[in-house]
Structure formats: C-alpha cells, structure tokens
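Look at the model below and read along.

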Amino acid sequence: SNVFRGVVSLRLLRLFTLFRLERRHKFFSPILIVISNKRTELGATLGIAGLLLLISSTLMYYVESAVNPKFNSILASMWWGTETLTTVGYGDIIPETPGGKALGSVVAFAGVGLFGLPAGIISSGFSEIFSKGHDQCKCQQLEADVARLVTLQKDVLAELQGLRSQVAALQHVASEEKPGKRSSHG
C-alpha cells in the first residue's frame, strides 16, 4: 500500500511541465510584474492587516479574558483575530459577552474589506500592465507606419527626381527641335 502511494506520488512530477509551459508562454510573468510593481501598496495592506490584528486581538483580550477562559492571553486572542479577519471562523474560540460579540462583528466586517484591498491593488496593477502593453503595441505600430511612410517618401522623391530628369530631357529635346522646325519652314 505504501509502495503504491509512492508510485502515485511520482505522478506529481508531472506538475513540472508547468515550468516548461511557463518558459515557453510566460503566463506567470505578468503576475510577478504586478506584484513587483505594487509591492509598496501590498506591503502597506499587510501592515494594516497586522495592525488591525494586533488591535482587535488586544481589545478582545481585555473584553473577554475576565469571563471567557479561552481568551487567556493576547496570543490566543490573536488566533481568534486571525480566524475572524480571514473570515474562516473555526468556532474553537468565540466571544461570549455582548461587547465581545459586537467587537467580533466589527472585526469580521473589517476583515472582508481588508481582503478586498489587495484584490483591488492587484487588479489595478494588471490594468496598468495591459494598458502599457497596449500602448507599446500602438507605439510599435506607429513606428512601423512611420518607417513605411519614410520609405514611401523616399520612393516618391526618387520617382519625382526621375520625372524631373525626364521633363528636363524632353525640354532639352523640344528646345533643340524648335529652331530646326523654324528653319525647315522658313
């Protein structure tokens, strides 16, 4: 049975084909670029989350510790705060007092909003990346159009120069024929 599980776990090595696909198609690179570009904003969000966790856990400890033995330390309250902010709510530690329940409700709502912040930051980062890519495409298209116009301009100028040469040659021929025609008629 253990040998069979070992052989089955070797199938997990197929996940490494994702790395090969990434090397060829670069589908993770926009994600890494967004995270790199938005690291300050994401770090600020993480800092706000930590501060909110510390404040809510400390408040809950002081509200509940006298009545509820599960809130016996700020660290235990931080476990409750993590459950509540992430909206997991295992239910192993719950407030019993009305003040604790009210604080728990506020923290739960703040947690929902807190997890919306990174989503908004990352989505705006994707929007910036793809709009820059679109602008780059437009710039490359404009550069190609300008190159074609320059080539066309050179071709037109060369054609114009050729026409000028032909007109000058025709004028020269015409000017030589005009005196000859007068002399033949006269």
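A residue is called buried if its relative accessible area is under 20%, exposed if it is over 50%, and partly exposed in between, using a 1.4 Å probe and protein chains only. By this rule Phe 71 is buried, at 0% relative accessibility. This is a predicted model, in which local features need pLDDT of at least 70, side-chain atom pairs count only at pLDDT 80 or more, and totals for chains, interfaces and linings use all residues. Residues are numbered from 1 along each chain as its sequence is written, and side-chain values use heavy atoms, without hydrogens and water.

Phe 71 pairs with Trp 80 edge-to-face, with 6.1 Å centre to centre and 70 degrees between the planes. Rings of Phe, Tyr and Trp (its six-membered ring) pair if their centres lie within 6.5 Å; planes under 30 degrees apart are stacked, over 60 edge-to-face, and the rest tilted. Trp 80 is also buried, with a relative accessible area of 3%.

Helices are DSSP runs of H or I with at least four residues, and strands are runs of E with at least two, numbered from the N terminus. Lys 38 lies in the loop between helix 3 (29-37) and helix 4. Is Lys 38 buried or exposed? Its relative accessible area is 8%, so Lys 38 is buried. Its side chain makes a polar contact with the side chain of Glu 128 at 3.1 Å. A polar contact is a pair of N or O atoms within 3.5 Å; within protein, one must be able to donate a hydrogen and the other to accept it, and residues adjacent in sequence count only if both atoms are side-chain atoms.
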